[in-house]
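Hi there,

Here is the structure I promised to pass on to you. Have a look at it first, and my notes follow below.

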Amino acid sequence: METIYDTSLGILSTSLLFVGLFMFEPYNKLTEKYLNWKPFNCLFCMTFWGSILVLMYLGITPLYAILCAFIAEFTFRKLI
């Protein structure tokens with residue numbers, strides 16, 4: 001049961017980490033100037049590729065990166 005909570009907390013926190021990054025104004029200015037290509041200017045792409053790295057570091061299977069990307073995209077749409 002503890003593994004389920006750890007996995008779900010890891011997925012949710014990784015998703016919200018990337019949503020917070022895309023809400024951060026200096027990151028938006030940086031992507032407009034220097035990093036104006038995918039995956040840096042697309043929340044879904046950035047969350048997918050970034051969460052693969054984060055979830056592997058946390059010891060969670062990287063297949064959950066798809067779920068992270070969807071959660072981040074829908075959360076961002078609700079915030080904006």
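Helix α1 passes α4 in a right-handed crossing. In this predicted model, the two helices pack at an angle of about 45°, with 8 Å between the axes of α1 and α4. That angle makes α1 oblique to α4. On the α1 side, the contact is made by Ile11, Leu12, Thr14, Ser15, Leu16, Val19, Phe22 and Met23. Facing them from α4 are Leu67, Cys68, Ile71, Ala72, Thr75, Phe76 and Leu79.

Helix α1 also packs against α3, again with a right-handed crossing. Here the angle is about 135° and the axes lie 10 Å apart, which makes α1 oblique to α3. From α1, the residues that take part are Gly10, Thr14, Phe18, Val19, Leu21 and Phe22. They meet Leu43, Met46, Thr47, Gly50, Ser51, Val54, Leu55 and Leu58 of α3.

Is Ser51 buried or exposed? With a relative accessibility of 0%, Ser51 counts as buried, because the cut-off for that label is under 20%. Leaving out residues up to four places away in sequence, Ser51 touches Thr14, Phe18, Met46, Met56, Ala65 and Cys68.

Next, the nonpolar side chains. As a rule, nonpolar side chains in soluble globular proteins tend to be buried together. The largest nonpolar core in this model has five residues: Phe18, Phe22, Tyr27, Leu43 and Met46. Helices α1 and α3 (43–58) are the elements that give two or more residues to this core. Tyr27, one of the core residues, is in contact with Leu21, Phe22, Phe40 and Met46 when its neighbours within four places in sequence are set aside.

Then there are the aromatic rings. How many aromatic pairs does a search of the whole structure find? The search gives six. One of them joins Phe22 and Phe76, with ring centres 6.5 Å apart and planes at 75°; that angle is over 60°, so the pair is edge-to-face. This pair links distant parts of the chain, since Phe22 sits in helix α1 (residues 2–23) and Phe76 in helix α4 (residues 65–79), 54 residues apart. Phe22 itself is buried, at 9% relative accessible area. Ring pairs also bring Tyr27 in, linking Phe22, Tyr27 and Phe76 into a cluster.

Another pair is formed by Trp37 and Phe40. Their ring centres are 5.9 Å apart and their planes stand at 85°, so this pair is edge-to-face as well. Both residues are described as partly exposed: Trp37 has 46% relative accessibility, and Phe40 has a relative accessible area of 25%.

A last item for your list is a peptide bond. Which form does the bond from Lys38 to Pro39 take? That bond is cis, with omega near 5°. Pro39 is found in the loop between α2 (25–33) and α3.

Happy browsing, and write back whenever you like.

Best wishes

Definitions and conventions
Residues are numbered from 1 along each chain as its sequence is written. This is a predicted model: local features need pLDDT of at least 70, side-chain atom pairs count only at pLDDT 80 or more; totals for chains, interfaces and linings use all residues. Side-chain values use heavy atoms; hydrogens and water are left out. Rings of Phe, Tyr and Trp (its six-membered ring) pair if their centres lie within 6.5 Å; planes under 30 degrees apart count as stacked, over 60 as edge-to-face and the rest as tilted. Helices (H or I, at least four residues) and strands (E, at least two) are DSSP runs, numbered from the N terminus. Buried means under 20% relative accessible area, exposed over 50%, partly exposed in between (1.4 Å probe, protein chains only). A nonpolar core is a set of buried Ala, Val, Leu, Ile, Met, Phe, Trp, Tyr and Cys residues joined through side-chain atoms within 4.5 Å. Contact means heavy atoms within 4.5 Å. Axes are lines fitted to C-alpha atoms, for helices over the stretch in contact, and angles run from 0 to 180 degrees between N-to-C directions. Angles under 35 degrees count as roughly parallel, over 145 as roughly antiparallel, 65 to 115 as roughly perpendicular and the rest as oblique. A crossing is left-handed if the near helix is turned anticlockwise from the far one by less than a right angle, and right-handed if clockwise.
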